[in-house]
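Trainee: Could we take a close look at one part together, with its overall build and its helices in view? I'd like the picture put together piece by piece.

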Amino acid sequence: MYEILAQILRFVLVAFIYVFLYNIVKIMILELRGNIGNSEITNAKLEMQNIIYNLYTYTTLGRAEDNDIRIENQYVSSKHAAIYKRGRKFFLEDLKSTNGTFLNGKRIKKPVVLRNGDVIKVGEVELKFLLDKR
Amino acid sequence: MDYDERIEIALLNSIYIIGVVAFFLLAVYKSPISLNPIYIAFGFGFTVTIFYYLIKKFFPKGDIYIFLILSFLTEIGLIMIYRINSELALKQVEWIAIGMILFMASIFFFRFYEGIRKHYQVLLVLIILLFLVTLLFGTEKFGSKNWIVVGNFSFQPSELIKILFVMMVSEILTRDKTKKGILKVVGITLISLFFLVLQKDLGSAFLFYMTALIMIFVATSNLLYTMFGFLGLIFSGYMGFILFDHVKVRVAAWLNPWLDVPGRSYQIVQSLFAIGYGGFFGTGLGLGHPEYIPAVYTDFIFSAICEEFGFLGAVAIVIVYFIICYRGLRVSLKCREEVYSYIALGLISMFGLQVFTIIGGVIKLIPLTGVTLPFVSYGGTSMVMSFITFGIIKYISELGVEDLWEKENEIYKLS
């Protein structure tokens, strides 16, 4: 009796080992293609000079062309800062900019958690973080 | 829910299902039905879930999949160990829990490494101290004098030295990539090899040597050093063959195991029989005969997996190890700080080489050396230190750059 059970269930076991493997490989492929959620629009927005920008799972701020949000100001570095979502929280990280990134007046060193209404200062430009709680 | 989160849930689900199916089988395996396996299955699933959410909550940056992949491997190991010896499995459960706690602790505490980097010579002192302690107070187990036994608790210092060694080599290579720096690395490697050879732990000696070689190559990209390194490896391998009797025995058993089946090559022959008996789909859990293989729950656990999960299951395990190495190298490549990049590289090479050495050994690809299969074999030190290794890698992955992608941003004006 046990033998029959074990011989049937061995296929189930091997099948689920491969299901596990399939999912890891899927992650790898997504990462290599580069769209593991980094370009999904989130429920947070950023207000800069009366314009509202949508935030992605990973959003870069800076002066260079290829940033998600371009800030034209001489005190802004080409890749200045990034805002990203982890779990339900949004983090602000300084990407080793020359003049630093400020959150509510304080210069940040490590990634910090953002709250609704926080004021981010990049170079001379002030941005307001808006979290839409739905 | 995000797309990547959905995949994580799918990974967790397959871990649960494999656990429940396998431990259900083990519960009805022997005639008085035992409920212990069921408790283990639910306990394991529960522990993994708790730690997964804790890691997501407290360390949301970096590579989260590493933890899930490691849980999968420990689960496969736990199933095999329970099937071979149910008492050892209960101990293994404790080690896994301690390992996962230390995984999180090392993610948290590794940030203080930055503080001791100025006094990195401490690492060398620690390495030599640990080697001396092993040499003086070590006990011989399984042919190598590399165990420290205090009461009924035994510990293998060489597992800890592996991590310290990688850190030390990374520190030197970050500071100095000229000949002087390389000579320092060679010096430290030779000191370690000297002690490891005294302990007759030649498997670890090979791991240390190759890791140092890989790290020097990556840091300098100098083919000449690498060539010298390989020449040195061939030379020292030959010296080992001449000087040590048990190396001769192992090599002879590797070249032709059928000459002395009941004697010298008993282990490898039993392992090969088990692998052959498994076939493509395996015999089914509980229907093989892993008890014929000596040291089956430590070094030879891969043969038992081959036998009962079959070729397909064993290949899946090998692929999982490949993917772990891929993820580790990815962490190393993405890290912006040189020294952490080297540490991640060194740790993952050490890990990958160890897996290669033992899997290669039991399938008779290379001569057999006694190292454990990390996360799968039974053994407290190996389990705990492997989890700490990956805690460090997880911490380094948090330092890494995120991928920057070009995409269109929708802009709309405030009305």
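Trainee: Among contacts in chain B between residues at least 6 apart in sequence, what percentage join residues at least 24 apart?

Mentor: The answer is 69%, where two residues are in contact if their C-beta atoms, placed from the backbone, lie within 7 Å. Before going further, please keep in mind that this is a predicted model, in which local features need pLDDT of at least 70 and side-chain atom pairs count only at pLDDT 80 or more, while totals for chains, interfaces and linings use all residues. Residues are numbered from 1 along each chain as its sequence is written, and chains are lettered from A and ligands numbered from 1 in the order in which they are written.

Let's begin with chain B as a whole. It contains 15 helices and four strands; helices (H or I, at least four residues) and strands (E, at least two) are DSSP runs, numbered from the N terminus. With a radius of gyration of 22 Å, close to the 22 Å that the globule rule gives for 415 residues, chain B is as compact as a globular protein of that length. That radius is taken over C-alpha atoms, and the rule is 2.2 Å times the number of residues to the power 0.38. The C-alpha trace of chain B spans about 75 × 60 × 40 Å along its principal axes. Of the 415 residues in chain B, 46% count as buried. A residue is buried if 20 or more other C-beta atoms lie within 10 Å of its own, exposed if 12 or fewer, and partly exposed in between, with C-beta atoms placed from the backbone.

Now for individual helices. Helix α15 of chain B (residues 380–399) is mostly covered, with 16 of its 20 residues buried. For α15(B) the rule gives 28 Å, and the end C-alpha atoms lie 29 Å apart, in agreement.

How do helices meet? Two packed helices are described by the angle between their axes and the distance between the axes. Helix α2 (residues 36–58) and helix α4 (residues 86–109) of chain B pack at an angle of about 5 degrees, with 11 Å between their axes. The axes are lines fitted to C-alpha atoms, for helices over the stretch in contact, and angles run from 0 to 180 degrees between N-to-C directions. α2(B) and α4(B) are therefore roughly parallel to each other; angles under 35 degrees count as roughly parallel, over 145 as roughly antiparallel, 65 to 115 as roughly perpendicular and the rest as oblique. On the α2(B) side, the residues that meet α4(B) include I40(B), G43(B), T47(B) and F51(B). Among their counterparts in α4(B) are A89(B), V93(B), A97(B) and M100(B).

One loop deserves a look as well. Most residues other than glycine have a negative phi. S221(B), which is not a glycine, has a positive phi near 40 degrees. S221(B) sits in the loop between α9 (202–220) and α10 (223–243) of chain B. S221(B) is exposed, because 10 other C-beta atoms lie within 10 Å.

Strand β3 of chain A (residues 58–62) runs antiparallel to β5 of chain A (residues 81–86), with four bridges joining them. Towards β4(A), β3(A) has two bridges and a parallel pairing. L61(A) shows these two pairings: its bridge partner in β5(A) is A81(A), and in β4(A) it is I69(A). Five of the five residues of β3(A) are buried, so β3(A) is largely enclosed by the rest of the structure. Y58(A), T60(A) and G62(A) point one way from β3(A), with T59(A) and L61(A) pointing the other way.

Key. The expected span of a helix is 1.5 Å times one less than its number of residues. Two strands pair if DSSP finds at least two bridges between them.
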